[in-house]
Amino acid sequence: MAFIKTHLLFVSLSCLLLHTYAASARTPQARVWTICKSTSNRNLCYKTILPMAVGSARFNVYKALKTEILATQKQVQATLNVIASLLTKPGNSNNTSDSLRICQDQYGNILDSIDQTIKQLVQRNVVEAQYKFSGVLPFCSTCNDEFKGLTSPIAKEAKDVYDLGSNCVDILAAIVDREKRRRGGKTGKGLFTGPSSLPGPCQGKVGLCN
């Protein structure tokens, strides 16, 4: 009788733990971390996407991707504003002004790429979206290369754009990989492989994280 009671207690506790784990895996925090855990800048990804996930009734990876892309777009526009302001300042060297103008062109190209990417995502054409977004990081690098041997006046802004853009590239690649697997194609290892053993930056919290 004691054995039966002990066994029943063990089964009950096991069921409770499984239920608790399953419930935690469905929280916005856990779902966002599953998407972000293998991106290039996972904490940035998590903090960018989480507010949307918490406030969204139907959160999915496409909404997560669009949120990261829109964050990239916003940062690109902010960088263009900084460049425009710097170009009006007297005392710039010719090299600095020339480099800033080239960066202005490159960041304009990035905005065009993002606009085209969003149009493809609306149609759930993720392969074409990946292609449209593929020029973003090279455009960033072209700008950065202009300041080799110089102190870049937009170093922080450029890094923020590159970090956000890298996350978009990673999420796009993972979605394409998942879609190929659904169709029976050969793929690499995707991002969305279930709950991670790595702790999220806000694991256990119910609201937004800082």
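Mentor: Let's start with the term itself: a disulfide is a pair of cysteine sulfur atoms within 2.5 Å. Cys 103 and Cys 143 meet that, with sulfur atoms 2.0 Å apart. Before going on, keep in mind that this is a predicted model, where local features need pLDDT of at least 70, side-chain atom pairs count only at pLDDT 80 or more, and totals for chains, interfaces and linings use all residues. Residues are numbered from 1 along each chain as its sequence is written, and side-chain values use heavy atoms, with hydrogens and water left out.

Back to our pair. The torsion about the S-S bond of Cys 103 and Cys 143 is about 95°, so this disulfide is right-handed. It ties together distant parts of the chain: Cys 103 belongs to helix 5 (residues 94-122) and Cys 143 to helix 7 (residues 136-145), 40 residues apart. Helices here are DSSP runs of H or I with at least four residues, strands are runs of E with at least two, and both are numbered from the N terminus. Cys 103 and Cys 143 are both buried; that word means under 20% relative accessible area, with exposed being over 50% and partly exposed in between, using a 1.4 Å probe and protein chains only.

Now, Cys 140 takes part in no disulfide; the nearest cysteine sulfur is that of Cys 143, 7.6 Å away. Cys 140 has 0% relative accessibility, so it counts as buried. Cys 168 is in no disulfide either, and its nearest cysteine sulfur, on Cys 45, is 8.5 Å away. With 0% relative accessibility, Cys 168 counts as buried too.

That brings us to Cys 45, which is joined to Cys 36 by a disulfide, S to S 2.0 Å. The torsion about the S-S bond of Cys 36 and Cys 45 is about -65°, so that disulfide is left-handed. Cys 36 and Cys 45 are buried as well.

Buried residues make up 37% of its 210 residues. As for contacts (heavy atoms within 4.5 Å), take those between residues at least 6 apart in sequence: 68% of them join residues at least 24 apart.
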